[in-house]
Amino acid sequence: TEHVNPHSRPIVSYFFPKGVGEHHYGERHPMKPHRLTLTNALVMGYGLDKQIHHIYNPRPATQEELEMYHDHDYIDFLSRVTPNNQNDMRHLIDTFNCVEDCPIFSEMYDFCRMYAGASIAGARKLTSGACDIAINWSGGLHHAKRGEASGFCYVNDIVLAILELLRFHPRVLYIDIDIHHGDGVELAFYHSNRVMTVSFHKYTGEFFPGTGKLDDNGANIGKHFCLNVPLQDGIDDDMYLTIFKTVIEDTVTAFRPTSIVLQCGADSLGCDRLGAFNLSIAAHGECVNFVRKFNVPLLVLGGGGYTIKNVSRCWTYETAVLVGAAIPDELPATVYDPFFRDSQWKLHPPLTGRVENQNSPASLQRITISIRNKLRYLQG
Ligand code: V1P
Ligand code: CA
Ligand code: ZN
């Protein structure tokens, strides 16, 4: 095992709820669960299933499991509302913020139970020691609050998975590389010193969700157990990797997590439909590899990502990184070939150089120094 031989390959489990990718938020909505079907097709097409120890079709989370974090009234509403009865439920729909970003769509509750069930199952396989790394690309919906939907997220599978890890793990580190602030997870553990949350995101005050400034640090016993790394448009591979590795290395040293949850939102890639960073798939994957190398039980989740051909390339590449397999740049032939024609069916298309980099070495240096100083409070 890892403890006996830290150089052996980790045991990797992969959670894919069958049918999760067939859900639709609506015609004009940027969140496309079909990206999960594309990802799974590429993962299987590359033959990575032979390098993964277990592939699970996890059971959907139960209402009771969802209520480990969420309000009963909110989950009760999610379980009842449908496109057909929504006119009678207008008041509750507004109360629980199921409008615009978070529309009511058919089988929405089943979709929620699926992605949350997979993250909870991943956490359980980690705590039982059945695997070293658990992957759920359908999870990572970091904006959902205890009693309301937000930013395409209805239930917070990340919070539910962390609560499961906390049953056996004294300290859980949460890392979020989605371009958006991981506000829902931060809020859930803002007052906890057992969960440290670190989000890298675009922060302008305007950009959704508007939170995540450098000086939000946690409160009460959770003070100093929350880090925010606010960044600007166009950040490139070199700058992102430098600040990511510095912050995460120092955080792991100071906090000594017994497990890590990594949200891999792919809207931080260049050419994303909603995002404006400039990362390549190689650099996004290098963040994943950097976290993997700590050899701490690791739950890897999806998140945002709106240029779906690149989302599926990215998460396929990261699946290979996690199992320690080198895969060719030539994509395998699948029934989804037309999606990947843009790059002549390559895994690593050029994504960078389209947005001007608004970050400067000086601005990143200032953030790095500030975070180093915050982490000193943890050492004592
Ligand atoms: O900007 C907003 C709100 C809606 N306005 C009143 C302000 N919402 C964003 C939500 C982004 C959610 C990101 C989720 C994640 O972090 C995790 C899965 O990636 C938004 C945007 C945007 N450009 O930021 N909503 C939409 N676009 C949208 C567009 C078309 C239809 C529905 C929503
Ligand atoms: Ca983030
Ligand atoms: Zn996002």
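**The interior and its aromatic surroundings**

Tutor: The second largest cavity is lined by Tyr14, Phe15, Phe16, Leu36, Thr39, Ile135 and Trp137. This is a predicted model, in which local features need pLDDT of at least 70 and side-chain atom pairs count only at pLDDT 80 or more, while totals for chains, interfaces and linings use all residues. Residues are numbered from 1 along each chain as its sequence is written, chains are lettered from A and ligands numbered from 1 in the order in which they are written, and side-chain values use heavy atoms, with hydrogens and water left out.

Rolling a probe the size of a water molecule over the atoms shows where empty space is left. A cavity is a set of points, on a 1 Å grid over the protein atoms alone, where a 1.4 Å probe fits but cannot get out; a pocket is an open set with protein on both sides within 12 Å along at least five of seven lines, and lining residues have an atom within 4 Å of a point. Points are joined across faces, edges and corners, and the volume is the space filled by probe spheres set on them.

Two cavities of 30 Å³ or more are counted. Helices (H or I, at least four residues) and strands (E, at least two) are DSSP runs numbered from the N terminus. By class, this lining has six nonpolar residues, one polar and no charged; Ala, Val, Leu, Ile, Met, Phe, Trp, Tyr, Cys and Pro count as nonpolar, Asp, Glu, Lys and Arg as charged, and the others, Gly among them, as polar.

The largest cavity has a volume of about 50 Å³. Its lining consists of Met31, Pro33, Arg35, Leu36, Phe111, Ser138 and Leu141, which divide into five nonpolar, one polar and one charged.

Among the open spaces, the second largest pocket has a volume of about 170 Å³. Its 18 lining residues include Phe152, His180, Phe208, Leu274 and Tyr306, which lie nearest its centre. This lining has eight nonpolar, eight polar and two charged residues.

His180 coordinates the zinc ion (ligand 3) through ND1, together with Asp178 (OD) and Asp267 (OD), at 1.9 to 2.0 Å. Donors are N, O and S atoms within 2.8 Å of the metal (3.2 Å for Na, K and Ca), and water is not among the atoms, so sites may look incomplete. The donor residues are spaced D-x1-H-x86-D in sequence. His180 is buried, at 7% relative accessible area, as is Asp178, at 1%; buried means under 20%, exposed over 50%, and partly exposed in between (1.4 Å probe, protein chains only).

Most residues other than glycine have a negative phi, and most peptide bonds are trans. Phe152, however, has a positive phi near 75°. Phe152 lies in the loop between strand 3 (133-136) and helix 6 (157-166) and is buried, at 9% relative accessibility. The peptide bond from Phe208 to Pro209 is cis, with omega near -5°, and Pro209 is placed in the loop between strand 5 and strand 6 (226-231).

Rings of Phe, Tyr and Trp (its six-membered ring) pair if their centres lie within 6.5 Å; planes under 30 degrees apart count as stacked, over 60 as edge-to-face and the rest as tilted. The count comes to 20 aromatic pairs. One of them joins Phe77 and Phe96, tilted at 35° between the planes and 4.9 Å centre to centre. Phe77 is in helix 3 (residues 72-80) and Phe96 in the loop between helix 4 (90-95) and helix 5 (108-127), 19 residues apart. Phe77 is buried at 2% relative accessibility, and Phe96 is buried at 9%.

Phe200 and Phe244 form another tilted pair, 5.1 Å centre to centre with 45° between the planes. Phe200 lies in strand 5 (residues 195-202) and Phe244 in helix 8 (residues 237-255), so this pair ties together parts 44 residues apart in sequence. Phe200 is buried, with a relative accessible area of 0%, and Phe244 is likewise buried at 0%. Ring pairs join both to Tyr240, Phe277, Phe290 and Phe294 in a cluster.
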